Amino acid sequence: MTWSTLVRHGRRVLALLTALTFIVGVPLGPALAASAAPASAAVRVAQAAPVTGGTLRIGSDLTYPPYAYMSAGLPSGFDPDFMRAMATELNMQPQFVDTRFEQLVTSLKSDHFDVIASALYITPERAAQVNYIPYFTTGNSIVMSTTTTARATNANDLCGLSVAVIKGGEVATQLRSTASTACIKAGKKSIDVRDFTADAEGTQALLSGQINAQVTDAAVAKTAVDSAGGKLEITSKDLLFPVPVGLAVDKGNVALEKNLTKGLDAMKANGTYQALLAKYNLAPATNAQVSAALGNKNGSTNNVDTGKTGFSFDWAYFFSLFAQKDFWAATVTVVALSALAWGISVILGMAVALGRQSRHLWVRKTLDIYVWFFRSLPLLVLLIFVYNAPQVIPELRTLVGSPFMAGLIALVLSETAYISEIHRGGLSAVAGGQGEAGRALGLPWGAVQRHILIPQAFRVALPSLGNELVTIIKLTSLVSVISLTEILLVGQRLYTQNFKVLETLAAVALYYVLLVTVFDQALKVFERRLDFRRRGLKTKLASAGTLGALELPVPAPRTSTPHEGEVVIETRSERKSFGQTEVLKGVDLKVHKGEVVAVIGPSGSGKTTMIRTLNAMESIDAGEVLYKGAPVGYKVSSAGLHKPVPDKQMARTRERIGMVFQQFNLFPHKTVLENVAFAPRHLGSALDADVRANALAQLRKVGMDAHADKYPHQLSGGQQQRVAIARALAMSPDVMLFDEPTSALDPELVDEVLQVMTELASEGLTMVVVTHEMRFAREVADWVVFMDQGMVVEEGPAAGIFDHPQRERTQRFLTRVMATS
């Protein structure tokens, strides 16, 4: 299947989904609606619970003691007790469906249960959605800490205070509207109302000192005070906002409504109803209270008849939500929280990822445990723990005192663990030679990470990091559990009052889609800016006529340097093992100033390991490696053991010992000129203009100055190796190490690299070259060392080794190699 076919099918599916959404959402017109109404009502009757016998499905929030909660595995409290008595009167079997409070009406209308019994306050908005059977009256109490000096006895005393309420409760609306308006008129600050998913969470926040007071149902308040061990008390004298409570059934389910009303009458007649009210210290609902709660000015207690029996999408309400200032304020909060959490976690995640590569075991294990723990811990639990931490450590209140800061800290703790794994993957994707190339230039560990590894790893990880940002944006909806006003919480406040759930959540979804789209596009722009391959396309490519040997200087005639004089670098009885395998077995080597030493031998003879020990890219187990008489990369303890020197000290030594690798190891995110100028600019004190001039001079020496603005991926292998040589030369080293510099090149590119090396030798540069190029070793080297099985088998002047080898093993090697050449 081609891409065009897939796109065509995708468009058809999208068009079908759009059409279905339009059909479901748009009212169908007066005639069709009129014909549909009886059918819909018939469906409601068919779905209703039977008049007698069978199962009565009861929706209740079983996290709301003392009205409804779980005890010993069974629903307990006033509402379960009441509904069991009701079911007995109706000769039915009760079945409780645990549902969160804000979802009760929506679930009822979706036929997940038959009746709501969950201390549901009667309000005009709810009465437009369900029919009520009033069964008691309650109100709210103010709960405060016993250590509080200024006690609030009524709603007016709450002005300027932070107050916990249960999310979706009518009291939240009363405090935000009526009570806060009164505060403002009195010249005081409005009430800072904070929504919590459950009353227990609000009580915990009060105990932690995160809020000043809690306003909740009187019975719930008494339970909270009784269980707080003397730390809390009810400070209000009278009930706040008294309101009747009712059982709720779906409109159109007339049979069940009548059945429940008859059952309530029967309970009143036999005294069961009065006994339950007395047990829970509740009062019956009066007709006046019910009429006022329903908003019936004529004193009627009848339910509101909206005339609606089917679903219709309220488009006017839906579009009005995009003009809601609360939604836009919440959007700003989500943007700030998401951006800060992502940005901080990206930085800390990289630190964790680097720390897990530490050579110190305790650092690695500590960070491993951190990542394991916080990836295992649900964010919701972490949010509640962090927000209530001041209850255990009061000093933390200044740090996590606000829901925003508590949410930010919890998100950072959790996301740092996840993002560190993304960074670890990015670091693993960077070629191992990149770090070695930086260290070989004399850069300390921190500079290598900051300028070489992290930029490359970040570019690799950016798509995954962008995906994690999207996840963080959506995770901010969980922060409402500690009462932070984010987008979803604003929507929940609305639909718990008007029950226009689909319209509200559709708007919430679009707000999130808008945020994700903006961030996603911004990240794509950022990703394109970091893509050095796109930048490389703007670089003018050299014409074919500028390539090849014509770029290279012709080597000057060279006089052989004798194997004597000042010793620049040497090894004495050098030994090195990898596990149980001893790779170097007492190697002795001396390199004099101005000398070219070629190290030859079969593969696996230890040549590369030996040359890597000369600048401490590999440590040694025993013996000595000396640069101008000083140990390279180690110090000897009193017990005779080798211990690594500090990183900065090792870096200063490497500045004087240049190295060129088999795989070039150019920095792919930097241009040719930037590669060569980078280390001198970072480590030196020279002016930038001088550094640039020196870099161009070195490129000119290897015939690469015409390619200064290109990126490594635009060069051939031979050209890359010549740039690598120029990069090492830019540090003005005393000695240059070449580790098989032509082994990764095509045969036709070998000569251009060897030509550069020959020119360097003619200039008197001290060089140690591990090579399989016998012609170069014979014609250019002053001294040749033959290694086999980790030992120096034979060494001497180039002519002597190639023309008159003394050892039988050397003779066999040269005979085979020269015959192949």
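This is a predicted model: local features need pLDDT of at least 70, side-chain atom pairs count only at pLDDT 80 or more; totals for chains, interfaces and linings use all residues.
1. Helix α21 (residues 501-530) has 30 residues. At 1.5 Å a residue it should span 44 Å, and its end C-alpha atoms are 43 Å apart, which agrees.

2. The buried residues of α21 include Val-501, Glu-503, Tyr-511, Tyr-512 and Phe-519. Among the elements covering the buried residues of α21 are α4 (104-109), α13 (325-355) and α19 (445-475).

3. The structure holds one disulfide. Cys-159 and Cys-183 form it, with sulfur atoms 1.9 Å apart. Cys-159 sits in the loop between β7 (130-145) and β8 (162-166), and Cys-183 in helix α6 (residues 170-185), so the bond ties together parts 24 residues apart in sequence. The link is left-handed, at -85 degrees about the S-S bond. Cys-159 is buried at 16% relative accessible area; Cys-183 is buried at 0%.

4. The whole structure has 34 salt bridges. One of them joins Asp-114 to Arg-57, with the closest N and O atoms 2.8 Å apart. Asp-114 lies in the loop between α4 and β6 (115-116) and Arg-57 in strand β1 (residues 55-60), so parts 57 residues apart in sequence are tied together. Asp-114 is buried at 4%, while Arg-57 is partly exposed at 21%.

5. Lys-222 pairs with Asp-226 in a salt bridge at 3.0 Å. Both lie in helix α8 (residues 218-226), four residues apart, about one turn of the helix. Lys-222 is partly exposed at 47%; Asp-226 is exposed at 54%.

6. Glu-436 and Arg-612 meet in a salt bridge at 2.5 Å, N to O. The pair links helix α18 (residues 432-440) with helix α23 (residues 607-613), 176 residues apart. Elsewhere, shared partners join Arg-356, Asp-368, Arg-375, Glu-421 and Arg-424 into one salt-bridge network.

Methods. Residues are numbered from 1 along each chain as its sequence is written. Side-chain values use heavy atoms; hydrogens and water are left out. Helices (H or I, at least four residues) and strands (E, at least two) are DSSP runs, numbered from the N terminus. The expected span of a helix is 1.5 Å times one less than its number of residues. Buried means under 20% relative accessible area, exposed over 50%, partly exposed in between (1.4 Å probe, protein chains only). Contact means heavy atoms within 4.5 Å. A disulfide is a pair of cysteine sulfur atoms within 2.5 Å. A salt bridge is a side-chain nitrogen of Lys or Arg within 4 Å of a carboxyl oxygen of Asp or Glu.
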